[in-house]
Every structure is written in structure tokens, then in C-alpha cells.
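Grab a viewer and work through these exercises with the structure open. Each one sets a task and then walks through a solution.

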Amino acid sequence: MTHPAVSTAVDLVNAPLLYKGKVRELYDLGEQTLIVVTDRISAFDYVLDPAVPEKGNVLNRLSAFWFGKTKELMENHVVHIDVDQLGDIARDREALKNRIMVVRKAERIDIECVVRGCITGGGWRQYQETGKVNGIELPQGLRKNAVLAQPIFTPAAKNDVGHDEDIPFEQMQELIGADLALELKEKSLKLFAFAKEYCEERGIILADCKFEFGLLDGKVILIDEIFTPDASRFWAKDKYSLDIEIDSMDKEPVRTYLAASSWDRNSTPDPLPLEVVEETSRRYLDIYHRLTGKSL
């Protein structure tokens, strides 16, 4: 059953709003934070209308799934995902079901930890211009979408306004300290290797992904979301090919539609057509099913 899309949870939650991102909203529960994953969708730095039914449920449930799978590798911020435990904080439990996560409050480390297993997207554009990605020299003659001999760690300095900025690892060390930078690099590569193998067994290529980490009582923990279609590039193995734009298992229908439209990218775009919204919703539900073996 498809639930109505949720564009915001402000009227559904009885707690102060701490932060409203493009998709997530954070509410203050005192010692803990409530994350509500809405169905909002963004592309090219714009939040679009209408929201995509089930998208937030998929993102939240997938993150919970992966946090559970990886907790032996890396401690994370999850306390629970049970809407019934919210009590009076939840004004509409049915609307919030599947899309909430109560987490421990950590101090965010302002680095986006990106791991690339294939040369594509922004990494491919860097390689075409310089032969390098984030300062890492790669072999000559690589083709677009090629699987790298070893995954590479390509961090970005977080920027809450506009795009995150790709930086060399040495700059990351200067920003947060050499030891912490090395720990985040090692943890990111280990997490990527774990998920890559899991995905391969299910006919999916994990091309690249990003992580966020935080500090809690001086210890590094995993925060935000992991291995979701919004934080990872998933390719179906049967769609894989070199030298093309591979149709990734995420909001690709939205990007494709906008790129082919007459939208100028400098103003809020018109509402998305129903068929684009429906296809995008189907994509999110499909990747959830393929990764977890379950349906929402």
C-alpha cells in the first residue's frame, strides 16, 4: 500500500525543529535527536514538487538496515526506529511510521567521506581534465565507468550552502588532524568493501558512496544515512557498460526529465509530471526490495 507523500513533518511532531535539510528534518528531544525523513526530492540543488511517495520510508528503512548490518564494523548513532516509542511526540504515528530515527547527538565532523569504486560522475570529469581524482593519480587510458583496481577515498569539505568541495586527503588532514583523517579513511574503505560485496551478491554494482561521521564522547561514530540511493550510486549489473551514462537506481528519472526540459536551472522548476514521480517512487521501492529482500 502506498502512503500519501509527506513534504514536511512540522505538523506531525510535537518537538522543536532543529534543522530542515533538503530531505531530512531534525527535532530536539533533549539528549537525543529525532530525524524524520520526508518524501521531498531535490535535483540540481533545488527542492522539487511534488514529493515522491515512499521515498522517505525507503531512505530511512535502508539506513536502519545498513546501520544494523555494519554495527560490528563501526559504531553508529541509532537509538531506535520505533514510532510507538515516541509517545505524545508523534502527532500522527501512521504518517511517521517507517520514516523516523531517534539518534544520539554527536558533533558532526565537517568532511564528506566519499569512496569511489568506479570512475564516473564528478570523479570522471576530474580525471578527464587532470588524470587525477582529488589529487590521486590514476592510470592513463581509463574509460568512463571503469571499475578501479582499488577503491579510492576522495573526501569533500562539507558546505551547507551550495556544493561540497572536493579536497585532497592532505587538506583533510590539515582540516581535522592527521590521525582522525586516517581513521575516517580506513573506516570508509572498510565499510565500502563490506557493502560492495553484499551488493554484488544481489546483482548490484556499488559504484560510489558517501559517509558522514561524528564525535561522541571523543569517539568516532557513523551518522546521517548510509548506502541509500541518495548517498550511493547503485547500478544494476545488467545495465553496466563502459562509455555511457548508466541509468542508476535512484532519482535518475527526475534528473533525466529536468535535463531534457526547457528549465533554465536558475529558478524553481515547474512541478514534476505524475509519471516521473511514479517511476521515481518505483525505483526507490525496487532498490529497497533488491537490497533487503523485503517490501515496505
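**Exercise 1. Find the aromatic cluster and sort out its ring pairs.**

Step 1. Start by selecting Phe65, Trp66, Tyr198, Phe211, Phe213 and Phe227, which together form one aromatic cluster. Before going on, note that you're looking at a predicted model, where local features need pLDDT of at least 70, side-chain atom pairs count only at pLDDT 80 or more, and totals for chains, interfaces and linings use all residues. Residues are numbered from 1 along each chain as its sequence is written, and side-chain values use heavy atoms, with hydrogens and water left out.

Step 2. Apply the pairing rule: rings of Phe, Tyr and Trp (its six-membered ring) pair if their centres lie within 6.5 Å, and planes under 30 degrees apart are stacked, over 60 edge-to-face, and the rest tilted. This rule gives a count of 11 aromatic pairs.

Step 3. Take Phe65 and Trp66 as a test case: with 5.5 Å centre to centre and 80 degrees between the planes, their pair is edge-to-face. Now try Trp235 and Tyr240, whose centres are 5.9 Å apart with planes at 40 degrees, so this pair comes out tilted.

Step 4. Check burial, where buried means under 20% relative accessible area, exposed over 50%, and partly exposed in between (1.4 Å probe, protein chains only). Trp66 is buried at a relative accessible area of 0%, and Trp235 is buried too, at 2%. Tyr240, at 28%, is partly exposed.

**Exercise 2. Which arginines lie over the faces of Tyr198 and Phe44?**

Step 1. Over the face of Tyr198 you'll find Arg202, at 3.6 Å from the ring centre. Over Phe44 the answer is Arg265, at 3.9 Å from the ring centre.

**Exercise 3. Compare the span of helix α5 with its expected value, and pick out its buried residues.**

Step 1. The expected span is 1.5 Å times one less than the number of residues. Helix α5 (residues 178-200) has 23 residues and reaches 33 Å from its first C-alpha to its last, close to the 33 Å expected.

Step 2. The buried residues of α5 are Leu180, Ala181, Leu184, Ser188, Leu191, Phe192, Ala195, Tyr198 and Cys199. For Ala181, relative accessibility is 0%.

Step 3. Contrast Lys196, which also sits in helix α5 but is partly exposed at 27%. Its C-alpha atom is separated by 8.7 Å from that of Gly117, 79 residues apart along the chain.

**Exercise 4. How many cavities of 30 Å³ or more does the structure hold, and what lines the largest cavity?**

Step 1. On a 1 Å grid over the protein atoms alone, a cavity is a set of points where a 1.4 Å probe fits but cannot get out, and lining residues have an atom within 4 Å of a point. Points are joined across faces, edges and corners, and a volume is the space filled by probe spheres set on the points.

Step 2. The search finds one cavity of 30 Å³ or more. The largest cavity holds about 40 Å³ of space.

Step 3. Its lining is made up of Arg24, Ile35, Val37, Asn60, Ser63, Met101, Asp224 and Glu225. The elements that contribute two or more residues to it are β3 (32-37) and α1 (55-70).

Step 4. Sort the lining by type: Ala, Val, Leu, Ile, Met, Phe, Trp, Tyr, Cys and Pro count as nonpolar, Asp, Glu, Lys and Arg as charged, and the others, Gly among them, as polar. You get three nonpolar, two polar and three charged residues.

Definitions and conventions
A charge sits over a ring if NZ of Lys or CZ of Arg is within 6 Å of the ring centre and within 35 degrees of the ring normal. On a 1 Å grid over the protein atoms alone, a cavity is a set of points where a 1.4 Å probe fits but cannot get out, and a pocket is an open set with protein on both sides within 12 Å along at least five of seven lines; lining residues have an atom within 4 Å of a point. Helices (H or I, at least four residues) and strands (E, at least two) are DSSP runs, numbered from the N terminus.
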